[in-house]
Amino acid sequence: MAMSDILQQLTVVLQERKQADPQSSYVAQLHHKGLNKILEKVGEEATETLLAAKDAQVSGCNQAVIAETADLWFHSLVMLSHLGINHQDVLNELARRMGISGLDEKASRSK
């Protein structure tokens with residue numbers, strides 16, 4: 001399955017769960033608790049991803065990094081959904097940056 005298909009399906013599910021009963025859906029619980037709770041989860045997953053990457057560098061096993069990155073991406077998508085931002089906007093920004101030197105792109109943001 002293509003990444004865009006997975007993101008599109010996940011977007012549909014996240015939108016449905018946004019309106020679901022918080023007693024029946026983890027995503028609905030996050031939306032019900034508000035942006036600060038969602039951001040807390042994004043931060044937690046980012047930290048867990050960093051720790052897993054450090055462990056993987058030593059162990060050579062990448063499975064935890066993959067799992068934690070999936071959690072980080074998922075919670076980032078919940079954040080975008082909560083703010084009414086479509087994942088396609090992020091993909092469009094990444095596409096815009098293709099072919100631009102990372103150093104040039106970064107320099108353009110600091111002006």
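Me: Which residues does H75 touch, not counting residues up to four places away in sequence?

Reply: This is a predicted model, in which local features need pLDDT of at least 70 and side-chain atom pairs count only at pLDDT 80 or more, while totals for chains, interfaces and linings use all residues. Residues are numbered from 1 along each chain as its sequence is written, and side-chain values use heavy atoms, with hydrogens and water left out. Contact means heavy atoms within 4.5 Å, and with sequence neighbours up to four places away set aside, H75 touches Y26, L30, I38, K41, V42 and E45.

Me: Is H75 buried or exposed?

Reply: Buried means under 20% relative accessible area, exposed over 50%, and partly exposed in between (1.4 Å probe, protein chains only). H75 has 5% relative accessibility and therefore counts as buried.

Me: How is α3 oriented relative to α4?

Reply: Axes are lines fitted to C-alpha atoms, for helices over the stretch in contact, and angles run from 0 to 180 degrees between N-to-C directions. Helices (H or I, at least four residues) are DSSP runs, numbered from the N terminus. Angles under 35 degrees count as roughly parallel, over 145 as roughly antiparallel, 65 to 115 as roughly perpendicular and the rest as oblique. Helix α3 (residues 35–59) packs against helix α4 (residues 63–82) at about 160°, with the axes 8 Å apart, and the two are therefore roughly antiparallel to each other.

Me: Where is H31 placed, and with which side chain does its own side chain make a polar contact?

Reply: H31 is in helix α2 (residues 26–33). A polar contact is a pair of N or O atoms within 3.5 Å; within protein, one must be able to donate a hydrogen and the other to accept it, and residues adjacent in sequence count only if both atoms are side-chain atoms. The side chain of H31 makes such a contact with the side chain of H82, at 2.8 Å.
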